[in-house]
Amino acid sequence: MVAVRTRRGAVLGAWGGVGGLGAALGPLVGGALAGGAGWRAIFWLNVPVGLVLVVLGRLRLAETRGPRRKLDLAGVVLGSAGLSGVVWAVIRAGDGGWTAGGGPLALGGGVLLLVSFAWWETRAPAPMLPMRFFRSRVFAAAGLASLMMYSALFGISKLTTSPL
């Protein structure tokens with residue numbers, strides 16, 4: 001059991017490290033490339049890298065298939081609408097403050113829909129996200145760590161790309 005936890009932690013750490021590296025180096029490399037050779041040069045970098053990764057993925061990643069299940073359409077709608085409401089409210093808050101343009105309504109509605117999503121997923125016959133996963137401290141901590149890490153990354157990237 002310890003080896004499994006260590007591997008999951010290593011995967012989460014690698015994922016976060018690559019994401020952080022991309023967030024830090026992406027604007028620098030992209031800006032230097034666009035400034036030196038023009039914005040179209042970005043495609044001359046991304047396309048070959050993407051092609052190499054497709055080939056490596058086909059060679060190194062094993063195909064896995066789980067059992068066929070019915071789509072949890074109610075879960076998809078509740079989760080998507082809830083996340084859309086929360087994200088829209090946060091974006092609007094950055095533009096005009098938390099009370100501007102229906103932000104509180106969108107935030108409250110989004111949170112209510114996400115709570116409804118969690119409630120539904122505990123009762124759905126084939127849940128999109130089984131809530132029993134959150135009984136695992138490793139899973140819950142990894143999810144919380146990812147949320148905090150990417151919130152900080154996107155917050156910093158918003159600060160560095162917005163005029164003050």
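## Ground rules

A residue counts as buried under 20% relative accessible area, exposed over 50%, and partly exposed in between, with a 1.4 Å probe and protein chains only.

The structure is a predicted model, where local features need pLDDT of at least 70, side-chain atom pairs count only at pLDDT 80 or more, and totals for chains, interfaces and linings use all residues. Residues are numbered from 1 along each chain as its sequence is written, and side-chain values use heavy atoms, with hydrogens and water left out.

## How confident is the model?

pLDDT is the predictor's confidence in each residue, on a scale from 0 to 100. Its mean for the protein is 82, and 89% of the residues reach 70 or more. Among the elements, helix 1 (residues 2-37) has the lowest mean, 73, while helix 4 has the highest, 94. (Helices here are DSSP runs of H or I with at least four residues, and strands are E runs of at least two, numbered from the N terminus.)

Go carefully with residues 1-5: pLDDT stays under 50 there, and the model gives them 1 contact beyond four places in sequence. A contact means heavy atoms within 4.5 Å.

## Helix 3

Helix 3 covers residues 73-96, 24 residues in total, and reaches 34 Å from its first C-alpha to its last, close to the expected 34 Å. That expected span is 1.5 Å times one less than the number of residues. Its buried residues are G75, L78, G79, G82, G85, A89 and A93, and what covers them includes helix 4 (103-123).

I91 also sits in helix 3. Just after the helix, G97 takes a positive phi of about 95°.

## Helix 4

The end C-alpha atoms of helix 4 are 30 Å apart, which agrees with the 30 Å its 21 residues should span. Buried here are G103, A106, G110, F117 and E121. They cover an arc of only 60° around the axis, so they lie on the same side of helix 4; the arc is taken from the directions from the helix axis to the C-beta atoms. These buried residues pack against helix 3. On the other side, L105, L112, V115 and R123 are exposed.

## One salt bridge

How many salt bridges does a search of the whole structure find? It finds 1, between the side chains of E63 and R65, at 3.9 Å from N to O. The cut-off is a side-chain nitrogen of Lys or Arg within 4 Å of a carboxyl oxygen of Asp or Glu. E63 counts as exposed because its relative accessibility is 61%, and R65 counts as exposed at 73%.
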